[in-house]
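Colleague: I am new to this structure and would like to learn how to read its features. Could you walk me through them step by step?

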Amino acid sequence: MKNNRGICFLDNIHTRRKLLGMTMVLPTVIILVALILYPVITNLYLSFTNSNLLKSGSSFIGFQNYAKIFSDKMFSKYAWNTLIWTVFSVVGQLVVGFALALLISRQMRGGTFLRSFLLIPYVVPAVSIALIARWILNSNYGIVNHWLQNMGLVASGQSALSLPVGAMIVVIIFNIWRSYPFPMLIYWAALKGIDKELYEAANVDGANKLQVFLYITLPQLRNTTLTLLILRIAWTATYFDLIWMVTGGGPAGSTTQLPIMIYQNSFGTFQIGYAAAISVILGLILMVFVIAYIRRSKNFAD
Amino acid sequence: MLKKVAAIVIVLAVMLTILVGCPGKTEEPDTDKSNQTGKEKLVIWTNLTAEAQITVLTKQFNELSSEMGVEVEINPVPLTDLYSKMATAKESGTLPDIMHTAEASVAYLEGQGVLECMDDIINELGRDDFMESALNMNTVDGKVWGVPDWVMHTSVWYRKDLFAKYGLNVPQNWEEFAAVASALNIDTNEDGEIDIYGFPVPMDAVLVATQTYYPFLYANGLTTLDPSTGEYVFGDNIEEEVEIMEYIMDLFKASSPPASISWTWSDYRNALVEGNVAMTLDMGAVVGLAQTNNPDMVVNLGCFDLPGKDGPAKATFGGTYNFVVINQGGDAKVALAKEFVKKLYVPERTAERALSRPMFAFPSQNSAFAIYKDDVSVQPFQTEMTTIYNSLRDLTWYAYGMESGLNQLNTSMQATTFFGEAMQSVALNQMTSQEAVEYIDQKLQEQIQLINP
Amino acid sequence: MIIMLENKVKKREKHLFRKCLIGAIVALSIGMIAFPLYWMLISSLKPSTELFASPPTIFPKSISLEWYKKAFQNSMVLTYFGNSFIVSSITTVVVTIVATFGAYGLTRFRFVGRKIITVSSLAAYCIPPIMLMVPLYRVVSKLRLISSLLGVIIGHLALTLPFAIWLLISFFKSIPREIEESALVNGASEFTVFRKIAIPLCAPGILSTAILVFILSWNEYLLASVMVSQDSMKTLTVGLANYISNVQIDWGIVMALGTATTIPIVLMFSLIQKYFVEGLTAGAIKG
């Protein structure tokens with residue numbers, strides 16, 4: 001578009017295009033400002049006050065909330081939980097998604113049906129999953145818990161949901177269960193998109209299947225993986241609903257991650273100033289990932 | 001492609017119309033309705049999401065609605081997200097006109113200054129007719145802010161048949177209690193694993209753990225606040241509180257299913273009713289549950305007060321449900337809401353509401369109790385009823401944080417999860433009892449700081 | 001000759017083995033997905049004596065509809081269902097339109113602040129929804145929308161728009177500009193190009209985005225639980241979550257309601273998943 005001839009005419013087009021572009025983006029900007037920027041700024045402000053929900057009125061206390069975060073023993077525990085929950089959930093769903101993508105990219109009878117079937121968990125509401133999880137792991141009447149007891153993994157009268165590690169494993173498994181279809185589809189598309197000539201060239205060179213997989217398939221999927229990673233990390237680390245409905249953060253805070261900690265500080269101990277500070281920290285940490293991603297993403301290059 | 005998109009959009013639109021059209025009530029614009037019909041509208045929140053309770057409440061509200069010519073809108077708000085709801089609604093001035101709720105919300109709303117004083121209604125209805133202890137729980141500085149509807153009382157509910165079968169007597173102190181609890185660990189099919197546990201120690205962090213700890217504290221005469229002065233005394237008795245925590249943990253290890261770390265109310269109630277435990281602390285809701293889910297069990301149930309360490313309980317643990325009126329809608333609305341609440345306190349109605357959860361809810365009006373006790377659903381429990389009713393009237397029961405009257409500390413303790421976290425940590429050996437009690441003490445002091453800066 | 005034959009046999013054995021392995025993987029994954037849903041379904045059909053049997057029965061001995069009768073007797077499930085449908089549909093339509101315009105504007109035009117908006121729409125994606133909760137509630141109540149579904153819709157707009165923008169940006173980027181540019185050279189107006197060329201080219205991508213937004217909105221719990229207090233305005237997730245509040249979990253009823261809420265959405269999705277797959281695989285998200 002950069003052209004030196006007929007500057008006056010082009011300028012006109014430029015202005016018009018600029019205006020058209022801005023008009024098209026305007027509704028987005030309005031929504032982003034009113035529904036995201038404004039709440040974020042409110043939160044930022046709250047995080048510097050001692051606001052609480054028991055008494056009205058608050059005062060500015062500088063960085064005290066932030067100082068408190070770093071002296072709060074629970075914060076490091078819950079931050080660690082957030083890390084465990086996010087890493088295992090994300091890696092798990094990417095691995096499962098990728099494995100199933102390899103499966104459905106094969107030519108086989110009933111392949112389309114299988115693909116459709118594998119998509120089902122994506123639309124099962126989190127609340128239904130929570131119900132199922134609590135029911136099948138009920139210490140007295142839960143079928144899976146019963147099997148675990150028979151295998152000796154869980155003591156009699158015990159439930160996997162009452163064990164700190166067990167509860168974390170359960171919520172992670174169910175989170176993977178409901179979120180692998182998205183990576184699966186994306187990987188499947190990416191696999192289909194790999195240039196066939198690359199494979200042919202490799203065959204000519206006498207590479208075996210493993211080598212083809214390692215040196216052609218995987219590198220081709222690097223960008224897809226990175227994008228999925230960033231999307232799923234941001235989504236998982238801020239995800240509240242499933243854990244809240246399955247374990248409520250217990251037992252002994254072993255499945256409490258930062259979003260639940262924020263909720264408990266807002267509506268359990270009513271310290272919304274402090275809760276706001278935690279949410280700012282969580283947002284900032286995720287922002288680091290996003291910025292790292294943006295710097296190397298094609299989507300944001302011109 | 002475009003055709004496909006269009007087709008899908010049309011299908012969606014048709015489904016939408018069908019769905020909107022079908023239930024009919026989904027999209028009634030109700031904001032202007034009161035103006036159209038000329039009727040005033042009262043918005044009522046209740047925490048009672050159990051089917052039987054909401055049915056009775058709805059029935060009574062609707063009766064009054066036609067009797068008084070007002071419109072009512074009933075919204076059940078479950079206890080689990082009550083505090084986020086109240087806090088956000090208060091922030092934006094969208095609280096209901098009337099609320100039917102536990103003392104924790106009464107305290108919260110009173111602290112926000114949005115409640116209407118209820119002394120006039122109490123006086124009109126007859127102050128003497130109300131249980132004094134229930135009134136105390138709604139009182140700050142001599143003013144009553146909520147009209148008590150019913151009271152609840154925690155006892156040990158147990159299997160009379162199993163006590164008889166194993167020749168056990170009602171325990172009189174902690175040593176006996178622990179002995180009875182372990183004697184009731186029963187391996188019915190002799191496979192080497194316990195099938196019926198003696199006494200579960202439920203510790204779910206939301207609402208439950210605190211209710212497990214406090215009956216033991218009260219039984220030994222310990223409180224959070226001094227009942228007469230209202231001063232914070234939990235921190236003065238750490239040593240005894242640690243000892244109590246250790247006793248509870250011993251019970252947990254000896255006679256409770258390990259899963260009870262995350263048991264909630266419905267878990268331990270189901271366990272007693274379905275025959276998986278032999279005793280449990282409960283506010284009598286097991287009776288109603290047995291009546292619907294396992295009627296054969298009803299005759300086997302009985303209750304006694306949890307004993308203190310060396311003898312009978314010094315105090316017991318309980319709670320109330322109350323009606324409050326919120327003063328945000330202008331004088332006329334408030335007057336109407338008060339009138340509405342007052343009309344709910346006909347003895348028959350009070351009794352009917354309490355009977356929707358037999359043996360769990362006891363009417364706080366003496367006149368209503370006379371009707372209540374003859375009802376068929378509580379008929380088999382005459383002795384239990386007398387014991388509970390007497391100890392309710394004796395003024396020796398408290399709700400945590402409210403030992404000296406209505407207090408927002410109770411709200412904090414109700415909404416928070418730190419009790420549960422501390423107790424679960426001890427049960428999982430992640431904390432000692434000492435650390436857990438100190439942690440609770442520190443958190444409680446933090447909350448008191450918030451309430452009285 | 002013999003060696004060749006042996007090789008053939010080996011190959012066939014290998015082939016057979018692989019077939020079995022793949023068959024096993026397929027069976028396992030189908031089982032893993034189907035089992036929880038199957039269990040919810042049969043639990044809702046077991047009469048109370050069998051529901052609380054220990055050990056549980058894998059195939060119900062008798063089937064009864066008592067829980068469904070109880071669940072639908074007095075409950076608002078149909079209303080909740082309608083609410084969820086309205087909320088999700090409106091959110092989907094609004095977000096899809098706004099995001100299509102926005103993403104196109106951001107990818108095809110140059111103006112001040114373009115980059116910032118692009119970046120911040122992705123940044124918005126990693127803000128914890130819980131952080132938006134209280135402030136959004138204030139916005140909604142100031143607009144006096146607290147007792148209508150619009151409050152929930154506004155919350156869901158905030159949650160889904162950043163993701164939709166981000167997806168659509170990559171869709172538009174994946175379409176070669178040359179077609180549009182040649183149309184422009186031929187004298188078509190920018191808007192005509194957008195309407196007649198870009199949108200049809202990107203239709204599969206737009207449709208998949210719409211479906212994703214619908215699913216996100218349909219499943220959302222946190223904001224929906226705060227934005228309305230009226231029972232008649234609750235969405236399905238919130239209404240159902242109320243049944244598992246720990247006051248009283250009536251497992252039979254809860255399982256019946258869970259089944260009743262899961263089946264329609266699964267069926268609906270099965271009908272349109274073809275387009276969802278088509279769109280998502282049309283060449284977006286390559287990073």
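Modeller: Gladly! Let us begin with domains: their bounds come from an automatic or database domain assignment. Here chain B is divided into domain 1 (39–153 + 319–389) and domain 2 (155–317 + 396–451). As for ground rules, this is a predicted model, where local features need pLDDT of at least 70 and side-chain atom pairs count only at pLDDT 80 or more, while totals for chains, interfaces and linings use all residues. Residues are numbered from 1 along each chain as its sequence is written, chains are lettered from A and ligands numbered from 1 in the order in which they are written, and side-chain values use heavy atoms, with hydrogens and water left out.

Colleague: How many residues does each domain of chain B bring to the contact?

Modeller: Contact means heavy atoms within 4.5 Å. Domain 1 of chain B gives 33 residues and domain 2 of chain B gives 33 residues. Their C-alpha centres lie 27 Å apart.

Colleague: What area is buried between domain 1 and domain 2 of chain B?

Modeller: Buried area is the accessible area (1.4 Å probe) that two parts lose on being put together, summed over both. For these two domains of chain B the figure is about 2,500 Å², with carbon and sulfur atoms giving 67%. On the domain 1 side, Met137(B), His153(B) and Phe381(B) lose the most area, together 27% of what that side buries.

Colleague: Which domains does chain C have?

Modeller: The assignment gives domain 1 (2–64) and domain 2 (74–280) in chain C. The area buried between them is about 550 Å², and carbon and sulfur atoms give 84% of that. Met40(C), Ser44(C) and Leu51(C) supply 63% of the area that domain 1 of chain C buries against domain 2, more than any other three residues.

Colleague: How are helices H11 and H12 of chain C arranged?

Modeller: Helices (H or I, at least four residues) are DSSP runs, numbered from the N terminus. Axes are lines fitted to C-alpha atoms over the stretch in contact, and angles run from 0 to 180 degrees between N-to-C directions. The axes of H11(C) (residues 236–243) and H12(C) (residues 251–280) come within 10 Å and cross at roughly 165°. Angles over 145 degrees count as roughly antiparallel, so that is the label for H11(C) and H12(C).

Colleague: Which residues meet there?

Modeller: Leu236(C), Leu240(C) and Tyr243(C) of H11(C) meet Ile253(C), Val254(C), Leu257(C), Gly258(C) and Thr261(C) of H12(C).

Methods. Helix = DSSP H or I, 4+ residues; strand = E, 2+ residues; numbered from the N terminus. Parallel < 35°, antiparallel > 145°, perpendicular 65-115°, else oblique.
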